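Visitor: I'm new to this one. Could you show me how to read what's packed inside?

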Amino acid sequence: MIDLRSLQTFYAVAQAGGFHKAAEKLHTSQPAVSARIAQLELQLKCRLLERDKRGCFLTPQGRELLTYAERMFALESEMIEAVAGREGLRGTVSLGASDTIVHTWLSDLLKHLNREYPEITLEVVVDSTVNMTAGLADFNLDVALLMGPVNIGNAENLPLCQYPISWIKSPDLDLGDENPSLAKLAEFPIITFARATRPYWQFKEMFERENLHRVKIFANSSLSSIVRMTLDSIGVAAIPQHVVVEELAAGKLEIVNTSHEMPIMSFTASFIERPDMPLNRIVAQLAQKVAANYWRV
């Protein structure tokens, strides 16, 4: 009788395109993956995968088995939810999250998930959109809450929220004008997201259109560090006001009003539909629900 774990290993190899990547995804060793595939081929008395320098490829029999494996995984999930309900769904989901989401509603998502699906475990990774997109492509991430949409393979993108970026400063930083121009702002360091992000290049282009080429843009991959630098009056931050709600309410920071249009950060819950990972869609849809509730608040 074919073991379900052997089928899951076969599916992981087929999706990842290699034994090493599949082993990383399954949190096991490459020899263990090879042994399971060998056992499966022995049981079915046929070759399922061919390997060369470029990786591994499905044989005609392997493609046939992949179709049945996908149907079995889908049926298994349907059976568990029908018989045991949400409490019966279990497994681990690798969740990538943008720093902005971490500072707004990620904790709400974790609370909802723990309450509604108590057997699902999350492995949370906070990273850049570029790295999370690569993580989805190579199956190191199951779901990513990032600045989307993601355009890879058959990735699905559920819209989450949009955060307009604002100019934020410390009350101790004197700009000399209640409605400063870009030229006035350019006299101070602009503290914003990392160089590889969309907002960084949007602000760079914004200043260059006004021929303000000497502006200092302090790129920072840590939102907490950006907030700290702004509190210390090092410069003017370009971040969503939603991430500093408490500091604004306490008067530790304030919004700088300007007449020019500011960029908007749009986020999606992105994932690749996989029969062996029905939890991906569940987590992404719950993230969409939590984001909508946070936005209304």
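This is a predicted model: local features need pLDDT of at least 70, side-chain atom pairs count only at pLDDT 80 or more; totals for chains, interfaces and linings use all residues.

Visitor: What should I make of nonpolar side chains in general?

Guide: In soluble globular proteins, they tend to be buried together. Here, the largest nonpolar core has 63 residues. L160 is among those with the most contacts inside it, along with W105, L109, L145, W167, I190 and I239.

Visitor: Which helix gives the largest share of this core?

Guide: That's helix α12, residues 279–296, which supplies eight residues. There is also a second, separate core of 19 residues, including A16, A22, L48 and A69.

Visitor: How many residues of strand β11 are buried?

Guide: Buried means under 20% relative accessible area. Seven of the nine residues of β11 (residues 264–272) are buried, so the strand is largely enclosed by the rest of the structure.

Visitor: Which strands pair with β11?

Guide: Strand β5 (residues 143–147) pairs with β11 in the antiparallel sense, over five bridges. Strand β6 (residues 155–169) is antiparallel to β11 as well, with nine bridges. Take F271 in β11: it is the bridge partner of V143, and also of E156.

Visitor: And the aromatic rings: how many pairs does the structure hold?

Guide: Four aromatic pairs. For a cluster, look at W167, F203 and F207, which form one together. You've met W167 already, as one of the residues with the most contacts inside the largest core.

Definitions and conventions. Residues are numbered from 1 along each chain as its sequence is written. Side-chain values use heavy atoms; hydrogens and water are left out. Rings of Phe, Tyr and Trp (its six-membered ring) pair if their centres lie within 6.5 Å; planes under 30 degrees apart count as stacked, over 60 as edge-to-face and the rest as tilted. A nonpolar core is a set of buried Ala, Val, Leu, Ile, Met, Phe, Trp, Tyr and Cys residues joined through side-chain atoms within 4.5 Å. Buried means under 20% relative accessible area, exposed over 50%, partly exposed in between (1.4 Å probe, protein chains only). Helices (H or I, at least four residues) and strands (E, at least two) are DSSP runs, numbered from the N terminus. Two strands pair if DSSP finds at least two bridges between them.
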